[in-house]
Amino acid sequence: LSKAEYARGNYEVKDTPDGYAYVAKAPGMPPIPILTAAGAPLEGAGAKPTEDQSKSAGFAFRMKQSTKIFNQPALNKDGTAILDPNTNMPVTLEELYGKPGRYQAIMRAVPTAGLTTGVANMSEDPGRQMYRQAQENWVSANLRPESGAVLGTDEIEKEIQKYFPQTNDKQETIDQKARARRDTELAVTVRAGPAYKQIEKQYAAQPTGVARLVRDPITGVYRYVME
């Protein structure tokens, strides 16, 4: 800002979570970011997160990325979205694969079946495998700030039962678990403070991919791949 503009708007320079900015003393005026010669925000001490905030940002980001997987459309073998015959809207991965079948639930209860690397995983189709991996990622990201230790299979399974649809769950319970996940994600994001905005900016600058079903020409098996 020029000296005249600065004086006329009655601004003052403040260190904000997004970097230094001209902040008007008069209400209703938006802050004006102060930029470097390269056009990037001029960062101050307020933009530097604590160690706990940086760790929480990583966990919050993992949880939100998993939620995106839960909510993405389930795909047919030709790569098109599966549509709900009643609404003609895409069916999400959670709607189609969120509730495990009885056989899947039994296999997951076997200690030697393991998590996404175990025997139970081999018996599931690609969509269920993808959903299950996102479940485990979400749960472990939520548990690590609390325990800070290596997580056991039983601990992860209990958290999955706590936050995700199970075989005999009614729709009201499934909806309640979805709300609990949203509340938990919000709590971790708030704990991350300014660090979460930084990780979002870094992610936005990276190329992103989409998942689609691809058929293995040798085995004939369809699997979700990122591209």
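From the N terminus on, the elements of the chain follow the order α-β-β-β-α-α-α-α-α-α-α-α-β-β. This gives 9 helices and 5 strands, where helices (H or I, at least four residues) and strands (E, at least two) are DSSP runs numbered from the N terminus. The model is a predicted one, in which local features need pLDDT of at least 70 and side-chain atom pairs count only at pLDDT 80 or more, while totals for chains, interfaces and linings use all residues. Residues are numbered from 1 along each chain as its sequence is written, and side-chain values use heavy atoms, with hydrogens and water left out.

Of the 227 residues of the chain, 36% count as buried (under 20% relative accessible area; exposed is over 50% and partly exposed in between, with a 1.4 Å probe and protein chains only). Contacts, meaning heavy atoms within 4.5 Å, can also be sorted by distance along the sequence. Among those between residues at least 6 apart in sequence, 49% join residues at least 24 apart.

With 21 residues at 1.5 Å a residue, α2 should span 30 Å, and its end C-alpha atoms are 31 Å apart, which agrees; the expected span is 1.5 Å times one less than the number of residues. The buried residues of α2 are Q53, S56, A57, F59, A60, F61, M63, S66, T67 and F70. As background, an α-helix has 3.6 residues a turn, so residues three or four places apart point the same way.

Axes here are lines fitted to C-alpha atoms, for helices over the stretch in contact, and angles run from 0 to 180 degrees between N-to-C directions. The contact brings Q53, S54, A57, G58, A60, F61, K64 and Q65 of α2 together with P194, A195, Y196, I199 and Y203 of α9. By class, these residues divide into 8 nonpolar, 4 polar and 1 charged; Ala, Val, Leu, Ile, Met, Phe, Trp, Tyr, Cys and Pro count as nonpolar, Asp, Glu, Lys and Arg as charged, and the others, Gly among them, as polar.

A second pair is formed by helix α7 (residues 153–163) and α8, whose axes come within 8 Å and cross at roughly 115 degrees. These helices are therefore roughly perpendicular to each other. Q161, K162 and Y163 of α7 make the contact with K177, A180, R181 and T184 of α8, a set with 2 nonpolar, 2 polar and 3 charged residues. R179 lies in helix α8, residues 171–192, and counts as partly exposed at 43% relative accessibility.

Two other residues complete the picture. Q129, in helix α6 (residues 126–147), is buried, with a relative accessible area of 16%. Its C-alpha atom is separated by 8.9 Å from that of Y97, 32 residues away along the chain. N88, by contrast, is exposed at 54% and is found in the loop between α2 and α3 (93–97). The phi of N88 is near 60 degrees, a positive value in a residue other than glycine.

Conventions
Angles under 35 degrees count as roughly parallel, over 145 as roughly antiparallel, 65 to 115 as roughly perpendicular and the rest as oblique.
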